[in-house]
Amino acid sequence: MKNNDILKSVAFLSLGCKVNAYETESIKEMFKNAGYEIRQFNEAADIYIVNTCTVTNIADRKSRQMLHRAKKLNPDAVVVAVGCYVQAPQSKLEDDDLVDILVGTRGKSSVLDLVEEYIRSNKERDFKHNVVKEGEENKDWSYDSGEVNAAGGKTRANLKIQDGCDQFCTYCIIPFVRGRIRSRDMESIIEETERLARAGYKEMVLTGIHIGSYGRDIDGESRMLELLTKLNEVEGDFRIRLGSVEPRLITEEFLEGLVKLKKVCPHFHLSLQSGSTTVLKRMNRHYSAEEYLASVNLLKKYYDRPGITTDIIVGFPGESDEEFEETAAFVKKVGFLKVHVFPYSKRDGTYAAKMSEQVAPEIKKKREDRLIAICEEVAKEYLESLNGDSERVLLEEEIKGREDYILGHTDRYIEVAVPKFMLKGREDADKEFIGVKELMASDASDKALSNMMIAKIL
């Protein structure tokens, strides 16, 4: 069915992480190159492909809802469920009559072929068993070879460098649905970076399930610094942003090499999850709060006010009031730029789901609200430390509720609101780095601009 005997339209939806976003873009390119018309997900289409997520119960529910919505948009459409939720034992998608094709976390590069085979069979062949069987999760998986080429109108590109995770945190289902770590061939990553840079992309975000382990499946050692060094040598005016990394990656040796790489952003999403060492131990996080803080101090030694962001889970099983207070105090000690706070979500199939002393929902909610308030105050202090500084910004989109401003991000990942009148006469402003100075922290009374810096002079 090459080039389609009858014109077919296809719509995509990606849920969850940046890895899913990258993989969805890769699948979309396959269909586009085969002559399919790409449509928005809320439009009528012949085929709907949903790249699902299962990181929380809410993600599960959203995955089911979107698959069912696709069938409502067009009852005759081919609905394809892809990814993590497909692999999750609780999904039961093999029994869902509204889903036609299942593709787990392996073989996503074969989605186009599976859809065309299904259509050729007049929708009679069974394509609902393309998932990894239970017990095979940790066998020798190869890296799925999908990749993304340039597409117009964007400034930032996700760049997948690895898949899988070997950490087995007690709350996380992802190692069971994604499998063990598999690193992408370094030359392939470099070639894709070169293509994206030539196409005008200004930011490459290195993403994966556990990017700090890049290369460990090859020779037992992380090859992240080697990869970053080679990407830094690629020609072009662009910057490199790291996705989420573990504190154990941040060593003196690593930073001595990293600080020399001028294209790498001084922004580190340093995964925390809790500021209490006893909670971290129950989470099987492989580091203590003290070791995390040592990594933060190393970053501050090598970089001037680096942007440090993180994720924190509140209400993990057994979390006491004292342990929560340890986390609250730890946030103030680190001085984060931004923290994603969320309540613990029980995942069937994980060790934490079997733990006693599950925290009541109302307690989790109170802790979530209080910690968010603390994180906002800490972020405000950090932003105020940058008042009057000069930065370079990559513009992205209008700010909802304040259409007289354009949102951009600095190298440190600080959100900057740039007044439109300052861009008058600069038609290519959204395709280049913009120099701004005399940045000022926004007025907290303006909710649309909260937690942003305001560009005063270009």
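User: Where does Q273 lie, relative to strand 12 and helix 10?

Analyst: Q273 lies in the loop between strand 12 (267-269) and helix 10 (277-283), where helices (H or I, at least four residues) and strands (E, at least two) are DSSP runs numbered from the N terminus. This is a predicted model, in which local features need pLDDT of at least 70 and side-chain atom pairs count only at pLDDT 80 or more, while totals for chains, interfaces and linings use all residues. Residues are numbered from 1 along each chain as its sequence is written, and side-chain values use heavy atoms, with hydrogens and water left out.

User: How should I read the phi of Q273, and is the residue buried or exposed?

Analyst: Most residues other than glycine have a negative phi. Q273, which is not a glycine, has a positive phi near 80 degrees, and with 7% relative accessibility it counts as buried (buried means under 20% relative accessible area, exposed over 50%, partly exposed in between, with a 1.4 Å probe and protein chains only).

User: Which loop holds E438, and what is its phi?

Analyst: E438 is found in the loop between strand 18 (433-436) and strand 19 (440-441), and although it is not a glycine, its phi is positive, at about 55 degrees. E438 is partly exposed, its relative accessible area being 41%, whereas Q273 is buried.

User: Which residues of helix 4 are buried, and what follows the helix?

Analyst: An α-helix has 3.6 residues a turn, so residues three or four places apart point the same way. In helix 4 (residues 111-120), seven of the 10 residues are buried, so the helix is largely enclosed by the rest of the structure; the buried residues are V111, L112, L114, V115, E116, Y118 and I119. Just after helix 4, N122 takes a positive phi of about 60 degrees.

User: How many disulfides are there?

Analyst: A disulfide is a covalent bond between the sulfur atoms of two cysteines. With the cut-off that a pair of cysteine sulfur atoms must be within 2.5 Å, the count is zero. C84 is in no disulfide, the nearest cysteine sulfur, that of C53, being 6.4 Å away, and C172 is likewise in none, with the sulfur of C169 as the nearest at 6.1 Å. C84 is also buried, with a relative accessible area of 5%.

User: What share of the chain is buried, and how many helices and strands does the chain have?

Analyst: The chain has 13 helices and 20 strands, and buried residues make up 56% of its 458 residues.
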